[in-house]
Amino acid sequence: MQTPVMLAVDFGTTHTVAVVGREGQEPRTLIFDGSPLLASGVYLDAEGTLHTGRDAQRLGATDPERFEPHPKRRIDDGSILLGDKEIPVEELLATGLRRVAEEAAASGLGPTQTVLTHPADWGPVRRGALERAADLAGLGPVRMVPEPIAAATYCATVLGQEIPRAGTVAIFDFGGGTFDVAVVRREDTGRLRTLAVGGLDDLGGLDVDMALAAHLGRVVAGRDPQLWQRIDQPETTADLRDRLAFWAEVRAAKEMLSRTSTAPVALPGHNPMGLHLTRDELTSLADPLVARAVDETRRTIERAGAAPADLAAVLLVGGSSRMPMVATRIHSRLGVAPSVPEQPELPVAFGAYQYAATETDDADATTPTALPVADYAPYPVPDLRAPAQTPPAPLPSPPAPAQSPYTPAPSSPPVFSPSTASPASPPLSSPYTPSPPPVSDPTPQRLPFTPQALPPSVHTGPLPNAGPPHRFLAFSVVSSIVTVIVVALVIALNQTDWDGMLEGLGGDNPLSGLAESAGELLDTDPSPELELVSETQLSTSDATAMTTAGGVAYIGEASIGLTTVTAMDATGTTLWTQEYELEPTELHLGVVGDVLLLDAASSATDAGEDMRAAVALADGALLWKQPWYGRSDVAYYGNEAIVEQRDGFEDNAVIRIDLLTGKQVWSKEGPYDLFIIDTYRARAEAIWDEGEGGPGTIPPNSYALHDNLAATDRLVELDPDEGTAVVRDAADGSAIHSGDLPLDGNIWTAYDGLAIGKLSDDASPGRAALGAFAIDGFDESWRIEFNAGFSIKNVKACGPGLVCAAVDHSDASDQYKTIAINTRTGLQEWEIGVEWHVDEHWYSGPNGIVLGDQPFDYVSSAQLLGFDGTIRMDAELFQSVAALHGDLAVVESYGSERQITVVNLADATPSAAIPIGDDFIEHAAIDADLLTILTENGRALTYRIPPVF
């Protein structure tokens, strides 16, 4: 009697993969049209026949209205209109599954048992739709397994990655249409359980293709506008075919760049343009997208209660994970070298097959989130029984962990200090009154960076050792160990009875003076203490939030169908509590004027939409709520907000909204079909806040990191593709003037009467350059050009009359630095080096600057600077600034336990530390009166700030 045949199907957004095998034999992938990847798209022809795979793609090129490229994304739609006929979603899904069943039967391995994978966050309704589709396809009853469990099983059984008991694995699934991430833990029983899931429905390989196509489109349009018109806006069937052919070339070039440094891109017809893409171009365009995925991974790891350093593995799956920058970005941000299969599209299907084979032998497998998996040494191996079964062959073979260009820093850190300012640049003083540049001032044209011998920096000592580490450098580990040893020795010296020990030897204690001196060092004057006002235990989900403003703390928590917000004053007295019909996966709170804003991501009570609700500060009464997808706050004016709507295609706009009513005051359409992911077109002109403010305010970053800036009544709206901009009146949206503004859409700011940023590739081809243009008329005020190899990563105001830029050199890690430029003269005031560079960022208070690395919501490895570049508190690897408002910075530190300290930027005065145990800080906010802290374990803490600050 033949043994049963097992079929495992990973039904993906863009492609479907199936693995089939008979017990005791090696499993193998099914082949569709010569490939293991079956295109998931479905096409309905004129006779009513549904096609899938490559046939559907070819037919869809002739009549796109009859083609659905991503049926899995339409799981909630019930039915889909193809041409003039509505097709049930289950039938579309069944079309692909039916093709899988037919190929399995044709191979002589018609399945008798089938397992289907599904996203971990799919509920019973979506799973039920997939099960009905399988039944329509003739697969009969199927078993379901979450995709992260399947991938983790592959990691353990095929790659041989040891997952200890209570160990965790992160699954980074970067597919063609979506990005998903999950953290899976191996329980003490040996079974796998999903701890946390996350993802981005608007991010996938298609978005990278879009970025590349838009980049090449600008080149094509400049050389052959008619050709690009046909490709970009096809009108005929031939145009459609050319468009699809162009996108296929772009996709093929992207895949080729995973193996080579350059790739050709052929254009339709016999056009001799000779386009090509380089790996550097791919990196530059795709890096912001990959950064979003890695950021979501970090948040998911934190939601799971884990730390990156604790992960047993990070497994990359999905075709888009092939890009080398993905592994590099994960390694640099999380400090973990990921595992990269040779064919990252296959692990989920192979893992599901392994799951099915193991689950068949496990009588206790009852839930989809607690599945059997092999035990590993030193434990016994009871779960993978059946000694007669041949272990499945690794297909593909396990690769070595991904290589990364990450290199540990030297064993002792170099010391940096500000470089000598140009004699033409007077030292800055505060307060600063902007004045026009002198006519005689020369316009600097190039700032060559060369290594310098830097004198020792001035500092008053480090902030407390801090923050959850996400990168590990040799010098920091060594210095931390040395510090611990020194402190231990000091304590031992104080606790040892040296006099008694030496008295019997007839001598004095030679170490008593040292011990007394060390004891004096440890017994410092007490720092100001923060008074605990309230402590509340919330849920441990991401749908909790806190903020503070005007001496009132606001605490929000989501539950089934509701979000509850409580307002509490500085004495701990509850002012009001209200409930709202919101059930988000992630919640944020912010105060603007007389309004408390609730930003609710993927609200289940609103069909999974991103929502914003506004409530009255006085009593919590709901004012309005509405969808808020793709919107970013630009500036606040009283009870109104300027918002940039970023769709990328038809709905780009700048809008002024009355936050009391939710109604538009005015709206101005932006460019059509603008690739705009992580590109911010609109900026409010900012000025330094000398204590009098301005017409408006600049929103904080991450809801908690404020800059000491006010907003004027002018907006700058950039069209980076065209190299033009419009200056608008914030009051009514009217255009004040427009003109050429050749700035990069990702790296620019509006400050001190200037639009300042990295010049576009057209304005400075082949060379990184920083340019400043007067907002009145867009005349160029100054320009700084950098030597070959340097790049500009960030531009932002950093003090009175100062704008800072993060620059680095592609081949010299000692050339990572932040430079400060005088906005009047365009001359460098100072520079400061950084030991490593991922997302260098800074925020300014009235009397100082916080500078560090911001890959996530906090500033890690933070240091405190004066406006002249002097270091007031040095950087430490384990310290992070979680919030900044005015001169008060909230510093999270990491030692034997995590602590919170409030530090005054003006003189680096720290408060007494607040121990928070093993909790990570999920969110913090601070104003002059109150500090609020929300931990990963759901503790909501409110502290009163002492008057000494």
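**Ground rules.** I number residues from 1 along each chain as its sequence is written, and I use heavy atoms for side-chain values, leaving out hydrogens and water. Since the model is predicted, local features need pLDDT of at least 70 and side-chain atom pairs count only at pLDDT 80 or more, while totals for chains, interfaces and linings use all residues.

**Helix pair.** How do α6 and α7 pack? Their axes lie 7 Å apart, at an angle of about 90°; axes are lines fitted to C-alpha atoms, for helices over the stretch in contact, and angles run from 0 to 180 degrees between N-to-C directions. That makes α6 roughly perpendicular to α7 (65 to 115 degrees; under 35 is roughly parallel, over 145 roughly antiparallel, the rest oblique). On the α6 side I found Trp-228, Arg-230, Ile-231 and Asp-232, which meet Asp-239, Asp-242, Arg-243 and Phe-246 of α7 (contact means heavy atoms within 4.5 Å). By class I have three nonpolar, no polar and five charged residues there (Ala, Val, Leu, Ile, Met, Phe, Trp, Tyr, Cys and Pro are nonpolar, Asp, Glu, Lys and Arg charged, the others, Gly among them, polar).

Next came strands β8 (residues 79-82) and β9 (residues 85-88), which run antiparallel and are joined by four bridges (strands pair if DSSP finds at least two bridges between them). Leu-82 has Lys-85 in β9 as its bridge partner. Two residues sit between the strands, and Gly-83 takes a positive phi near 65°.

**Open sheet.** I then followed four strands in the order β24-β25-β26-β27, with antiparallel pairing. Which strands are at the edges? They are β24 (586-592) and β27 (622-627), each pairing on one side only. From one strand to the next the twist averages 20°. Seven bridges link β24 to β25 (residues 595-603), and Val-592 stands opposite Val-595 in β25.

**Cavities.** Lastly, I searched the whole structure and noted six cavities of 30 Å³ or more. Grid points are joined across faces, edges and corners, and a volume is the space filled by probe spheres set on the points. The lining of the largest cavity divides into nine nonpolar, one polar and four charged residues.

Technical notes: On a 1 Å grid over the protein atoms alone, a cavity is a set of points where a 1.4 Å probe fits but cannot get out, and a pocket is an open set with protein on both sides within 12 Å along at least five of seven lines; lining residues have an atom within 4 Å of a point.
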